[in-house]
Amino acid sequence: MRSPQAIEADGLTKRYGDATAVDGVDLSIPPGTVYGFLGPNGAGKTTTIRMLATLLRPTAGTARIAGQPVTDRAAVAPHVGYLPESPPLFDELTAREQLQYHAGLQDLPGDEAADRIERLLDRFDLAADADDRIGTYSKGMQQKTALVQALLHDPDVVLLDEPTSGLDPRAARTVRDLLAELAAGETTVFLSTHILPVVDELADVVGVLSDGRLVAEGDPDALKGRAEGGGTLEDVFLDVTGDADLAAARPEEP
Ligand code: ATP
């Protein structure tokens, strides 16, 4: 039997009353892909990710993570890690306690959990502060703790909403290196960000959402080659999200 795609969506739709936040999105993403998910503010990126993470029920259409329907939270949970824009961390816990708590929720065996927690804390330069309360952490340290939490159970698919926001250049570099490593090891990374150079560096496939619809998708170099304003991912973004005039009016880069 053909192994399932890491992420599949067919007509995925979310409506709030009369407003349609996500409008018939189709996705077919093989394992090991870094998928750069772009779109203007309010385009529906977070809504899409929350449906894939089983946290929001689609109004219509279907989606599967590692072959499991997103309407079955228990079946999907072992396969997916999610880093939301505002990570769910407890200020009163230390990072180590927070991660141990999360490992318990994921039913990770104690030894394996302890080993992975220590390795990831070390990887993200958090080991020395791991017994301080999260409430005393900087935004970047909190973001790194949340990312470790999303990766703790070694999911097949990680859904990341602005993973490098608030990170200093060294921490952002660590995150980018780790994402590339994950993808090399067959983890699928679904990356929503407004930081286009990160997408340019990492993404195998780029999808652009506008008004809830996937208006462009493909290999980043191929998309850049077709963009009206020139040859950057920003040109692609401006072109397909309806700001082509702005792209054309911009002066040439020196
Ligand atoms: P950003 O880049 O600003 O984070 P986004 O692409 O993630 O934006 P969403 O947060 O998914 O966009 O929002 C898509 C649309 O759905 C917006 O118009 C938003 O106002 C609307 N929306 C989101 N959540 C709700 C809700 N709970 N009730 C009603 N409308 C909502």
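**Exercise 1.** About how many helical turns separate Arg119 and Asp115 in helix H4?

*Solution.* Start with the ground rules: this is a predicted model, where local features need pLDDT of at least 70, side-chain atom pairs count only at pLDDT 80 or more, and totals for chains, interfaces and linings use all residues. Residues are numbered from 1 along each chain as its sequence is written, and side-chain values use heavy atoms, with hydrogens and water left out.

Step 1: find the helix. H4 covers residues 110–123 (helices are DSSP runs of H or I, at least four residues, numbered from the N terminus).
Step 2: Arg119 and Asp115 sit 4 residues apart there, so about one helical turn lies between them.
Step 3: check the contact. Their side chains form a salt bridge at 3.5 Å, N to O (a side-chain nitrogen of Lys or Arg within 4 Å of a carboxyl oxygen of Asp or Glu).

**Exercise 2.** Work out which parts the Asp200 and Lys224 pair ties together.

*Solution.* Step 1: the closest N and O atoms of this salt bridge are 2.8 Å apart.
Step 1: Asp200 belongs to helix H7 (residues 196–202) and Lys224 to helix H8 (residues 220–226), so the pair links parts 24 residues apart in sequence.
Step 2: look at accessibility. Lys224 is buried at 15%, while Asp200 is partly exposed at 34% (buried is under 20% relative accessible area, exposed over 50%, partly exposed in between, with a 1.4 Å probe and protein chains only).

**Exercise 3.** Name the salt-bridge network that contains Arg173.

*Solution.* Step 1: Arg173 meets Asp177 at 3.1 Å, N to O.

Key:
Helix = DSSP H or I, 4+ residues; strand = E, 2+ residues; numbered from the N terminus.
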